[in-house]
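The sequence and structure come first, and the description follows.

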Amino acid sequence: MNRLALLAVGVAGLTVVAAGPAYATPEAAADQTVTTCGNSGLQAGLLTRLCAEVTGNAVQFYGKVSLAGPPSPGSPAPAPKELSTTLSVEVVGAGAPPLTQDKPVLFTATTLEVRGPASTVPCGTTVRGTFGVASYPWTPRPVVHEVTLTC
């Protein structure tokens, strides 16, 4: 076989391998909790992220707030910061208004979680969460995360 033919066979083999999933995950048991998180964002000078815990057909969203980076060496610890958080959850395509929770929190230098209420929805439903953080003079720039319950 010449080099061109070997190259063609190699590329064809790689194409077949690449067409499959990047990795296989076993099906989650009905009582097993699966946690996923969306992209992070900067709000009120802090790093924010929205995550969802799914167990069967129950879903709970929670927002995480942390420092955007480590403090400079030798600098004083960051002062506590009063934050106004908003966590909204809605079923995509249902037409119902989102369930919204506004909660004031005090952020110190450690990661903070703001949990929303747990909801039970039918299998196959897509649920969207939105998490916003504000602190004077910064307005919220919410992060969004969606999950589809596969049950």
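Which residues form the covered face of β7, and which the uncovered one? The covered face of β7 consists of Leu112 and Val114, and the uncovered face consists of Glu113 and Arg115.

## Basis and confidence

This is a predicted model, in which local features need pLDDT of at least 70 and side-chain atom pairs count only at pLDDT 80 or more, while totals for chains, interfaces and linings use all residues. Residues are numbered from 1 along each chain as its sequence is written, and side-chain values use heavy atoms, with hydrogens and water left out.

The term pLDDT denotes the predictor's confidence in each residue, from 0 to 100. Its mean for the protein is 82, and 80% of the residues reach 70 or more. Over residues 1–26, pLDDT stays under 50. For that segment the model has one contact beyond four places in sequence, a contact being heavy atoms within 4.5 Å.

## Overall architecture

From the N terminus on, the order of elements is α-β-β-β-β-β-β-β-β-β-β.

Of the 151 residues, 27% count as buried. Buried means under 20% relative accessible area, exposed means over 50%, and partly exposed lies in between (1.4 Å probe, protein chains only). The protein exposes about 9,700 Å², of which carbon and sulfur atoms supply 60%; accessible areas come from the Shrake-Rupley method with a 1.4 Å probe, and for residues only the protein chains shown count as cover. Among contacts with a separation of 6 or more, 58% involve residues 24 or more positions apart.

## Strand pairing

Two strands are taken to pair if DSSP finds at least two bridges between them. Strand β9 pairs in the antiparallel sense with β5 over eight bridges, and with β10, also antiparallel, over six bridges. Within these pairings, Thr85 stands opposite Val133 in β9, and Gly129 stands opposite His145 in β10.

Strands β4 and β7 run antiparallel and are joined by four bridges. Gly63 stands opposite Val114 in β7; Val114 belongs to the covered face of that strand.

## The nonpolar core

In soluble globular proteins, nonpolar side chains tend to be buried together. A nonpolar core is here a set of buried Ala, Val, Leu, Ile, Met, Phe, Trp, Tyr and Cys residues joined through side-chain atoms within 4.5 Å. The largest such core has 22 residues, and those with the most contacts inside it are Val59, Phe61, Val65, Leu83, Val127, Phe131 and Val147. Two or more residues each come from β3, β4 (58–67), β5 (81–91), β6 (99–107), β7 (112–115), β9 (126–134) and β10. Strand β3 gives the most, with four residues.

Val147 lies in strand β10 (residues 143–148) and is buried at 7% relative accessibility. Beyond its neighbours within four places in sequence, Val147 contacts residues including Val59, Phe61 and Val127. Val147 and Phe61 are 86 residues apart along the chain, yet their C-alpha atoms are separated by 9.8 Å. Val65, with residues up to four places away in sequence not counted, touches Leu83, Leu112 and Phe131, among others.

## The disulfide

A disulfide is a covalent bond between the sulfur atoms of two cysteines. The rule applied here is a pair of cysteine sulfur atoms within 2.5 Å, and by this rule the count is one. The disulfide joins Cys37 to Cys51, with an S to S distance of 2.0 Å. Cys37 lies in strand β1 (residues 33–37) and Cys51 in strand β3 (residues 46–55), so the bond ties together parts 14 residues apart in sequence. The link is right-handed, with 100° about the S-S bond. Cys37 is partly exposed, at 36% relative accessible area, whereas Cys51 is buried, at 0%.

## Backbone exceptions

Most residues other than glycine have a negative phi, and most peptide bonds are trans. Ala44 is not a glycine but has a positive phi of about 55°. Ala44 is found in the loop between β2 (41–43) and β3 and is buried at 3% relative accessibility.

A cis peptide bond joins Tyr136 and Pro137, with omega about 5°. Pro137 is placed in the loop between β9 and β10.
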